[in-house]
Amino acid sequence: MNFKDKLSKDKLPKHIAIIMDGNGRWAKGLGKLRIFGHQSGVGAVREAMEGAVDVGVKYLTLYAFSSENWNRPKLEVKALMELLVNTLAKETKTFMANGIRLNTIGDLSALPKHCQKTLQDAIAETQHNSNCVLTLALSYGSRAELVDATKAIVRKIQEGLLQLEDLNEQTISEHLYTANIPDPDLLIRTGGEQRISNYLLYQMAYTELYFLDKMWPEFNREDLFQAIYQYQQRERRFGKTSEQL
Ligand code: IPE
Ligand code: IPE
Ligand code: MG
């Protein structure tokens, strides 16, 4: 089935968030090392990016490394960091060709220095692109993000820059790492698990969730189009009744 042609242009999700899961299991299934799965996942990242730009999705946020992923074996963590650096160096061309602006969320200070540098360079190089904002969630945890936001807000109150009475939902949104990004309309998780794994908890209050069994290295743009198509079949009521919409 060709899902791209079936998409309604006026109901596109503005922001798609993805949990790229299943690399390790996919590789193990082939009798290979987990890191082979991560390396193979890069092709799926390209598919998702190009597919998003192709249909006009303005924000794509990819969960690349969670704050909990630091607890994995040292060797796997090291390999993932190296993969990040090498991929960014290679894919900057893809970013430029597709008008993609790179952005990050998470505790970047925990990353090795050379990773931080590569990220900063890629962000600077792509800063004027305007087709799509690609946000990499790196060393990202949603609870840590909420703690940081809370600290920043309390500090402002203590310094008299914000009145307690003026604190509202918008204030919290504006102090998250995702301050300049609209909430995700659609979350896609590959790899068969149906959980959120500490990803964008506040931002996903009304996000449509889409889970697929496919492992991340096998994900392609047709899967992305199918997910968008399924999303377009849903009725987002935001608490109202069907008749009110
Ligand atoms: C997702 O794949 C990538 C990262 C978390 C970095 P996994 O590495 O979690 O793969 P599985 O879930 O173990 O198969
Ligand atoms: C979530 O996958 C994080 C990323 C995809 C980067 P995990 O594989 O770490 O999630 P859990 O541990 O199965 O929930
Ligand atoms: Mg996993």
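1. The structure holds 16 salt bridges, a salt bridge being a side-chain nitrogen of Lys or Arg within 4 Å of a carboxyl oxygen of Asp or Glu. Side chains of opposite charge can pair when their charged atoms come close. In one salt bridge, the side chains of glutamate 76 and arginine 34 meet at 2.8 Å, N to O. Arginine 34 belongs to helix H2 (residues 34-55) and glutamate 76 to helix H3 (residues 74-98), so this pair ties together parts that are 42 residues apart in sequence. Helices (H or I, at least four residues) and strands (E, at least two) are DSSP runs, numbered from the N terminus.

2. This is a predicted model, in which local features need pLDDT of at least 70 and side-chain atom pairs count only at pLDDT 80 or more, while totals for chains, interfaces and linings use all residues. Residues are numbered from 1 along each chain as its sequence is written, chains are lettered from A and ligands numbered from 1 in the order in which they are written, and side-chain values use heavy atoms, with hydrogens and water left out.

3. The residues around ligand 1 include Met20, Asp21, Gly22, Arg34, His38 and Arg72; a residue is counted here if one of its heavy atoms lies within 4 Å of the ligand. This shell divides into 3 nonpolar, 5 polar and 4 charged residues. For these classes, Ala, Val, Leu, Ile, Met, Phe, Trp, Tyr, Cys and Pro count as nonpolar, Asp, Glu, Lys and Arg as charged, and the others, Gly among them, as polar. Helix H1 (23-29) gives the largest share, 3 residues, and H1 and H2 each supply at least two.

4. Ligand 1 has polar contacts, that is, pairs of N or O atoms within 3.5 Å. A polar side-chain atom of arginine 34 lies 2.8 Å from an oxygen atom of ligand 1, and an N or O atom in the side chain of arginine 72 is 2.7 Å from an oxygen atom of the ligand. The protein covers 88% of the 370 Å² of accessible area that ligand 1 has on its own, as given by the Shrake-Rupley method with a 1.4 Å probe.

5. Around ligand 2 the residues include Tyr63, Phe65, Asn69, Arg72, Arg189 and Arg195. By class, the shell has 5 nonpolar, 2 polar and 4 charged residues. Strand S2 (residues 59-66) gives the most to this shell, with 3 residues.

6. Which distance separates a polar side-chain atom of asparagine 69 from an oxygen atom of ligand 2? The distance is 2.9 Å. For arginine 72, an N or O atom in the side chain is 3.3 Å from an oxygen atom of ligand 2; for arginine 189, the corresponding value is also 3.3 Å. Taken alone, ligand 2 exposes 390 Å², and the protein buries 78% of that.

Key: Polar contact = N/O pair within 3.5 Å; in protein donor to acceptor, adjacent residues only side chain to side chain.
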